[in-house]
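Please walk through this protein with me, from its overall build to its helix pairs and a few single residues.

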Amino acid sequence: MEKVKYLILGAGPAGLTFASKLKEYGEESFLVLEKENEAGGLCRCVTVDESPFDIGGGHFLDVRRPAVTEFLFRFMPLEEWNVFERDSRIRIGGMEIGHPLEANIWQFGLPEQVAYLTSIAKAGCNTEVPMPEKFVDWIIWKLGKKIADEYMLPYNRKMFADELDELGTYWLDKLPNVSFEETLLSCLTHRPYGTQPGHASFYYPKKYGYGEVWKRMADALSVHVRYGAAVRALHCDKRWVETVNGDRLEAERIITTVPWRSFEQIGGMPEELYSLLSGLKASAVETRYVPEKLPTDAQWLYEPDPALAWHRILVRHNFCPGSRGYWLETRKERVKMFTDSGSAGFAGEANYSYLNEYAYPLNTIEKPGIMKKLLAFGEAKQIYGLGRWGEHCHYNSDAVVELAMHMAKRLAGV
């Protein structure tokens, strides 16, 4: 059995960053296991129609974490990136309205502005109604019934789940925060107010897809990354894993960045805790490339219309120089539903598609309790969950890098 000090499961942003920091600290006894034949995880890219296509959907590098960008620029220097001001829009009522909707109601005609403002004024958060616990009730309480019915609820059903009340409300602080007063002010002054959404400014490579920076990071790790090594089994007491190839590897510490539910077997875990893993829900999402140019300046478009299969469009030609076309993001169940029905819900002829079985962790009501127990149990065994899947949290890649940097520093005792 091979033995190393650190065994890292998954060569996505979390695993690669953790491994790179170990190497920076002078550690050489570590190995990254990756089930695919290349690194990058959800941030991998391929060449489609002579330009990059990000198979995991819209992944960009946020500018707001300077320690993260400084670290990544060691592998792909700043001069190889473009910086953009975010232009994301919502297709609603036959129009493209700026995101977030509540900050851009002024882009509608006057009657619609009045209808939205009236609805927001009656929202529970503005009328001293106690905050509800269920997801659907919370959306109506926070944003008013009109925004809920015309955008937030149909969009989230398309993206996450048909039964939205399975979701908790603890994660909704990710939403931009725009008060009623700011919404009213934006209608009067014809400009958005309130906090900006994530990626308000972002970097994207000039020549490559977003996967290029992770490929270079993996190349710098060289023999410390082993490809085609999907982990089948994890034993918590003895800290060893077994790959689908039959290889067994033992470590002093295991850092897992892969979904906990992806293991066929987990030994040494109490049955009560193991049974809770079925409560960790995730959505599978297909990315589909369409070789047409869209008449918009937006980089991505949110699509709440239930008659259309996809929930989001990434307009490649507006952030990837010299390219054309766009890609759609569609939840797996909706791909099947629209394909089986022969519906016209998919626009254009796709010449490439990719299904991510694990795309987004679902923030269900039970998830925080499950992960608190799981991570505490793992850490006691020196098995650490890290990143989007190790922590089962919808982190963007820049947040994942920051978490991995902190964990590497802590475990290495630097």
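**Overall build**

Of the 414 residues in the protein, 55% are buried. Buried means under 20% relative accessible area, exposed means over 50%, and partly exposed lies in between, with a 1.4 Å probe and protein chains only. This is a predicted model, in which local features need pLDDT of at least 70, side-chain atom pairs count only at pLDDT 80 or more, and totals for chains, interfaces and linings use all residues. Residues are numbered from 1 along each chain as its sequence is written, and side-chain values use heavy atoms, with hydrogens and water left out.

The protein has 12 helices and 20 strands. Its radius of gyration is 22 Å, close to the 22 Å that the globule rule gives for 414 residues, so the protein is as compact as a globular protein of that length. That radius is taken over C-alpha atoms, and the globule rule is 2.2 Å times the number of residues to the power 0.38. Helices (H or I, at least four residues) and strands (E, at least two) are DSSP runs, numbered from the N terminus.

Along the principal axes, the C-alpha atoms fill a box of roughly 70 × 50 × 45 Å. Take the contacts between residues at least 6 apart in sequence: 71% of them join residues at least 24 apart. Contact means heavy atoms within 4.5 Å.

**Helices H1 and H7**

Start with H1 (residues 13–24) and H7 (residues 211–221). They pack at an angle of about 40°, and their axes are 10 Å apart. Axes are lines fitted to C-alpha atoms, for helices over the stretch in contact, and angles run from 0 to 180 degrees between N-to-C directions. H1 and H7 are therefore oblique to each other. The classes are these: under 35 degrees is roughly parallel, over 145 roughly antiparallel, 65 to 115 roughly perpendicular, and the rest oblique.

The crossing of H1 and H7 is left-handed. That means the near helix is turned anticlockwise from the far one by less than a right angle; clockwise makes a crossing right-handed. From H1, Pro13, Leu16, Thr17, Ala19, Ser20 and Lys23 meet Trp214, Met217, Ala218, Ala220 and Leu221 of H7. The residues of this contact divide into 8 nonpolar, 2 polar and 1 charged. Ala, Val, Leu, Ile, Met, Phe, Trp, Tyr, Cys and Pro count as nonpolar; Asp, Glu, Lys and Arg count as charged; the others, Gly among them, count as polar.

An α-helix has 3.6 residues a turn, so residues three or four places apart point the same way. Among the buried residues of H7 are Trp214, Met217, Ala218 and Leu221. Gly211, Glu212 and Val213 of H7 are buried too. Just after H7, Ser222 takes a positive phi of about 55°.

**Helices H4 and H5**

Next come H4 (residues 135–143) and H5 (residues 145–159). Their axes come within 9 Å and cross at roughly 140°. H4 and H5 are therefore oblique to each other. Their crossing is right-handed. Phe135, Val136, Ile139, Ile140 and Leu143 in H4 touch Lys145, Ile147, Ala148, Met152, Leu153 and Asn156 in H5. By class, that contact has 9 nonpolar residues, 1 polar and 1 charged.

Which residues of H4 are buried? They are Phe135, Val136, Trp138, Ile139, Trp141 and Leu143. H3 and H5 are included in what covers them. Just after H4, Gly144 has a positive phi of about 90°.

**Helices H3 and H6**

H3 (residues 110–121) packs against H6 at an angle of about 170°, with the axes 10 Å apart. H3 and H6 are therefore roughly antiparallel to each other. The crossing is left-handed. Gln113, Leu117, Ile120 and Ala121 in H3 meet Phe180, Thr183, Leu184 and Cys187 in H6. This contact has 6 nonpolar, 2 polar and no charged residues.

Leu188 also lies in H6 (residues 180–189). Is Leu188 buried or exposed? Leu188 is exposed, with a relative accessible area of 65%. Leu188 and Phe135 are 53 residues apart in sequence and 31 Å apart in space, C-alpha to C-alpha.

**Two buried residues**

Ser51 sits in strand E4 (residues 51–54). Ser51 is buried, at a relative accessible area of 6%. Not counting residues up to four places away in sequence, Ser51 touches Val46, Arg316, Gly322 and Ser323.

His394 is in the loop between H11 (387–390) and H12 (397–412). His394 is buried, with a relative accessible area of 14%. From His394 to His99 is 295 residues in sequence and 20 Å in space, C-alpha to C-alpha.
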